[in-house]
Amino acid sequence: MIHGKLFRKTFTVIFCMILVLTCGVTKGIGADICSSVNDITSKIYFCFIIHNEEDDVNGVPNSNPLIPDYNGNPAVFNHFADAMMDYALMLNSYGATLSFQPDWTFIEGVQKYRPGFFTDLLQLGNVEIVPHAHETYVPYDEVYTMLEMNYAQPLKILGGMTHDKYKASQVWFDANPGFAFWGAPLQTSNHINDKAPPPMVYRIAEPKDIYDYYDLYRHVASSSIIATPGVPSDVTKMFQIKPVGNYITPSYELYATRYFLAEPDDTSVPRIWRKRLDGTQTPGAGNRTASEIINSVAYKIQNELQPLILQGKLEFKTVGEIINLFKQYEQCLDIRDNQDLCDFVPLMPHYEPVRVASAYSSSLQAAYDSAMDGSTIQSRAVVLTENLNINRDVSVFIDGGYSCDYSAGSSMTRLIGDIVVSSGNVEIGNVILEK
């Protein structure tokens, strides 16, 4: 109910058509696949991720002192290679999976100091190897080739590619079709202004069709490029954020190789890569030894993840296996061509449901209280439960129905509550008022 004076009211009658698609219309093997889709999509698929970055920025040896000198110091390389093998062995003992995603300087370290390292990792059976590249000097295609030359059997998956490099790589994508992404290329250089992705596997547009970050939120059924973002690895949050419906939902726990520090008394490596007894931290690497991290992850698997596995809610899979699962069940999923998935993105500061210009708010009232005369208050197509008091000598326009990036307003906002007008003017559009 709206009380007081309302200078313009917009009432909208909405007719909804529910189109029910059943897997029964598929033929042959498709019908059999779809009959089990609910069991498949009810789970979260979990994988542990390792990144190691380049220390030779622009090819200058050891030019980044905050990254271990993998390709110039054999003792440093061997410590971290041992730590990675111990980590993979621990995961293997629990049936957990590892996606190992090295950059080029670590691969050079393998070539120089331990040529059998990748072969030994793969023989464990729970590990995949995927190229990772910051691309300040060596691009993805060369990292991929380096892995092939060092017997890593790399999968056609890109680990952590940024939006700008993705846009610049059209020629390579055209020449090398079939690559998929770990996560989605919504990261930015140095991870400044990174964007949150929708938490499910979907197909993203080709680079030539990307004009803005938000184009990457659209599912393009005809695209050959699959993105694999997921829900947080925190077990208290993953099922809160898991989308309702038939979607393939991954979850990842990411560590960088540099986090796995040596023991304090291991003088074979520089002090920066040893645990500090004074409690200070190595910048960007924390202050835990490799054994401490491995033990903490083992504890998480035993006490948090294994109970979910026993309940049938979680399963360990590599990124490649998650992608194959998506391909197998794609015809059965609740995902449409050209669907805007940004409304699945968990709310973050820049995705708050209401805004006035560039000031974001969690409620209409908060936005109204700070609005200037003549302002437009935009609201996402969400359900807001609040009473709105229009009590200031200003005129505002409340416009609802926007997508999560506020780029389109083709839907409606539902407001459950009252609007009371005691002063000023308000115009309302694309808002459904309910009691």
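How many bridges join strand β6 to strand β9, and do the two run parallel or antiparallel? In this predicted model, 3 bridges join β6 (residues 180-182) to β9 (residues 226-228), and the two strands run parallel. The legends below begin with the whole chain and return to this pair in the third view.

**View 1. The protein chain as a whole.** The chain of this predicted model contains 12 helices and 20 strands. Its C-alpha trace spans about 80 × 60 × 45 Å along the principal axes. The chain has 435 residues, and 50% of them count as buried.

**View 2. The largest pocket and its lining.** The volume of the largest pocket is about 1200 Å³. Its lining is made up of 47 residues, and those that lie nearest the centre of the pocket are W182, Q187, H191, D194 and L254. Sorted by kind, the lining has 23 nonpolar, 17 polar and 7 charged residues. Which strand gives the most to this lining? Strand β10 (residues 249-256) does, with 4 residues.

**View 3. The open sheet of four strands.** This sheet has the strand order β5-β6-β9-β7, with mixed pairing. The edges are taken by β5 (157-159) and β7 (202-203); each has a single partner strand, so one side of each is left without a neighbour in the sheet. Between β6 and β9 the pairing is parallel, with 3 bridges. Within this pair, W182 has T228 of β9 as its bridge partner.

**View 4. The open sheet of three strands.** Here the order is β16-β18-β20, and the pairing is parallel. Strands β16 (383-385) and β20 (431-434) are the edge strands, each pairing on one side only. On average, neighbouring strands of this sheet are turned by 20° against each other, direction ignored. Strand β18 (residues 413-416) is joined to β16 by 3 bridges and to β20 by 4 bridges. Across from L384 stands L415 of β18, and across from T385 stands I416 of β18. On the side of β20, L415 stands opposite L433.

**View 5. The disulfide between C34 and C332.** A disulfide is a covalent bond between the sulfur atoms of two cysteines. A search of the whole structure finds 1 disulfide. It is formed by C34 and C332, whose sulfur atoms are 2.1 Å apart. The angle about the S-S bond is -85°, and the link of C34 and C332 is left-handed. C34 belongs to helix α1 (residues 29-34), and C332 to the loop between α11 (319-329) and β12 (339-340), so the pair ties together parts that are 298 residues apart in sequence. Both C34 and C332 are buried. Another cysteine, C47, is buried as well, with a relative accessible area of 0%.

**View 6. Strand β15 and its partners.** Strand β15 (residues 376-380) is mostly covered, with 4 of its 5 residues buried. It is joined by 3 bridges to strand β13 (residues 354-356), and these two strands run antiparallel. With strand β17 (residues 388-402), β15 pairs in the parallel sense over 4 bridges. I377 of β15 can be followed to both partners: V356 stands opposite I377, and in β17 the bridge partner of I377 is I398.

**View 7. N62 in its loop.** Where does N62 lie? N62 is found in the loop between β2 (44-52) and α3 (74-93). Is N62 buried or partly exposed? Its relative accessible area is 38%; N62 is therefore partly exposed. N73 is 11 residues from N62 along the chain, and the C-alpha atoms of the two are separated by 9.6 Å.

Note on methods. Residues numbered from 1 in each chain as written. Predicted model: local features only at pLDDT ≥ 70, side-chain atom pairs only at ≥ 80, totals over all residues. Heavy atoms only, no water. 1 Å grid on protein atoms, 1.4 Å probe; cavity = no way out; pocket = protein on both sides within 12 Å on 5 of 7 lines; lining within 4 Å. Points joined across faces, edges and corners; volume = space filled by probe spheres on them. Nonpolar A, V, L, I, M, F, W, Y, C, P; charged D, E, K, R; others polar. Pairing = 2+ DSSP bridges. Axes fitted to C-alpha atoms, helices over the stretch in contact; angles between N-to-C directions. Disulfide = S-S within 2.5 Å. Buried < 20%, exposed > 50% of the residue type's maximum accessible area, 1.4 Å probe, protein only.
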